Amino acid sequence: MVTRGMSASKGARFAPDTKGRVTVCVTCYALPVFTGKVALPEVTADFFPVERAFPTVKSTSLFPLVMARMYALSHGLFDMLLVDREGYVSEGAVSNVFVVRHGVLYTPRSGILPGVTRDAILRIARGLVRKKILKKIVYAYFKKSFVRAADEVFFTNAPSGVVSVVKVGDRALRKGKPVPITKAVYSAFLDSL
């Protein structure tokens, strides 16, 4: 974490021209090592209403995301699909989300936290379009009903890589059908490691 630090005059610490000493805090902890040499992980999720003021900023004011993550963990879920006040799904609390319908990959373009794994998956997806495995990539927001009617849904993040969402709330997705796009993405992602 990096802050502007404390200024000489506490009352003026938020002034744009404040000259304070920058404060840096580094926290280290072990993450599970993602080797990727396993079958495609399958996870469950649910919807969580949330509004984020600055969704593209990695900041310490992530209280809504913390609440969503706490809810997910306390209910045995991998992650929550964040839903804004207009009913649009943007991302997960700790993941980026992708939805596949009729051979088309959907994901939001903006208003989400960027991710290095997401960027890698988008590069892979462009290759799958060239190989005609995917029809196209559409950058768009989508409603909960769109997610529930999806052929495939998957999350991406750095610690987990790619995980297939098999259930959202009490609704099973894909009803036992295969997930060829997610598997192709996952396989290509493993090959890129």
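Biologist: Given that buried means under 20% relative accessible area, exposed over 50% and partly exposed in between (1.4 Å probe, protein chains only), is Phe142 buried or exposed?

Modeller: Phe142 is buried, as its relative accessible area is 4%. This is a predicted model, in which local features need pLDDT of at least 70 and side-chain atom pairs count only at pLDDT 80 or more, while totals for chains, interfaces and linings use all residues. Residues are numbered from 1 along each chain as its sequence is written, and side-chain values use heavy atoms, with hydrogens and water left out.

Biologist: How many aromatic pairs does a search of the whole structure find?

Modeller: The search finds 5 aromatic pairs. Rings of Phe, Tyr and Trp (its six-membered ring) pair if their centres lie within 6.5 Å; planes under 30 degrees apart count as stacked, over 60 as edge-to-face and the rest as tilted. One of the pairs joins Phe98 and Phe154, which are stacked at 4.9 Å centre to centre with 10° between the planes.

Biologist: Which ring does Arg109 lie over?

Modeller: Arg109 lies over the face of Tyr139, at 4.1 Å from the ring centre. The criterion is that NZ of Lys or CZ of Arg is within 6 Å of the ring centre and within 35 degrees of the ring normal. The charged end of Lys144 likewise sits over the ring of Phe47, 5.5 Å from its centre.

Biologist: On to helix 1, then. Which of its residues are buried?

Modeller: Leu65, Ala68 and Ala72 are buried in helix 1. They lie on the same side of helix 1, because they cover an arc of only 60° around the axis, taken from the directions from the axis to the C-beta atoms. These buried residues pack against strand 3 (42-49) and strand 4 (79-83), where contact means heavy atoms within 4.5 Å. The face turned away from the buried side carries the exposed residues Phe63, Leu73 and Ser74.

Biologist: What follows helix 1?

Modeller: Gly76 follows helix 1, and its phi is positive, near 70°.

Biologist: And helix 2: how far apart are its end C-alpha atoms?

Modeller: They are 22 Å apart, which agrees with the 21 Å that the 15 residues of helix 2 (residues 116-130) should span at 1.5 Å a residue. The expected span is 1.5 Å times one less than the number of residues. Its buried residues include Thr117, Arg118, Ile121 and Leu128. Among the elements that cover the buried residues of helix 2 are strand 8 (136-139), strand 11 (161-168) and helix 4 (180-192). Lys132, whose phi is positive, near 65°, follows helix 2.

Notes:
Helices (H or I, at least four residues) and strands (E, at least two) are DSSP runs, numbered from the N terminus.
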